Amino acid sequence: MKRIRVLLGDMPRLLRELIDGAIAATADIAVVGTVVGAVAAHEQVASSLERTRADVLIIGMPDDADSEQIARLLYAQPRLRLVTIGDAGRSTALHELRPI
């Protein structure tokens with residue numbers, strides 16, 4: 001069985017550590033990298049996705065985030081599953097491209 005590769009994006013450190021710990025306890029999922037910074041730049045995230053060939057990106061994003069930023073990531077990586085975690089971890093959303 002193929003391992004699911006997860007890239008952890010910018011989010012509060014404690015939340016990132018909790019997610020990393022939960023993934024580490026799962027045999028068929030692996031964290032393949034982390035992108036950290038004040039708000040990780042789109043280019044930094046995109047290059048990390050290319051380098052790690054991640055299947056899933058989990059990233060903190062403000063609840064009022066620009067939907068174009070999400071669309072750019074998905075169009076650049078059509079097989080990517082993007083999980084966004086809103087302000088202070090109070091909301092989450094799963095984004096993916098689907099054929100119509």
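Guide: Contact here means heavy atoms within 4.5 Å. Keep that in mind for helix H2, which lies across S1, S2 and S3. H2 runs at about 155 degrees to S1. One caution: this is a predicted model.

Visitor: What is the mean pLDDT of the protein?

Guide: Where pLDDT is low, the predicted coordinates should not be read in detail. In this protein the mean is 86, and 93% of the residues reach 70 or more. Among the elements, S1 has the highest mean pLDDT, at 96. Helix H3 has the lowest, at 85.

Visitor: Now the sheet. In which order do the strands stand?

Guide: Strands of a sheet pair through backbone hydrogen bonds, either parallel or antiparallel. Here five strands form an open sheet, in the order S2-S1-S3-S4-S5, with mixed pairing. Strand S2 (29–34) and S5 stand at the edges with a single partner strand each, so one side of each has no neighbour in the sheet. On average, neighbouring strands are turned by 20 degrees against each other, direction ignored.

Visitor: Which strands pair with S1 (4–8)?

Guide: S2 is joined to S1 by five bridges, and the two run parallel. Look at Ile4: its bridge partner in S2 is Ile29. S3 also pairs with S1 in the parallel sense, over three bridges. There, Leu8 stands opposite Ile58. S1 is mostly covered, with four of its five residues buried.

Visitor: Do S4 and S5 run parallel or antiparallel?

Guide: Antiparallel, with four bridges between them. Find Leu82 and look across to S5: His95 is its bridge partner.

Visitor: Where does helix H1 lie?

Guide: H1 (residues 13–24) lies across S1, S2, S3 and S4. Its direction is at about 145 degrees to S2. Together, S1, H1 and S2 make a right-handed β-α-β unit.

Visitor: And H3. Which of its residues are buried?

Guide: Buried means under 20% relative accessible area. In H3 (residues 67–76), Ile70, Leu73 and Leu74 are buried. Seen down the axis of H3, the buried residues fall within an arc of 95 degrees, so they line one face of the helix.

Visitor: What is exposed on the other side of H3?

Guide: Glu68, Tyr75 and Ala76 are exposed there.

Visitor: What covers the buried residues of H3?

Guide: The cover includes helix H2 (42–52) and strand S3 (56–60). Strand S4 (81–85) and strand S5 (92–95) are also part of that cover.

Terms used: Residues numbered from 1 in each chain as written. Predicted model: local features only at pLDDT ≥ 70, side-chain atom pairs only at ≥ 80, totals over all residues. Heavy atoms only, no water. Buried < 20%, exposed > 50% of the residue type's maximum accessible area, 1.4 Å probe, protein only. Arc of directions from axis to C-beta. Pairing = 2+ DSSP bridges. Axes fitted to C-alpha atoms, helices over the stretch in contact; angles between N-to-C directions. pLDDT = per-residue confidence, 0-100. Right-handed = clockwise from strand over helix to strand, strands pointing away.
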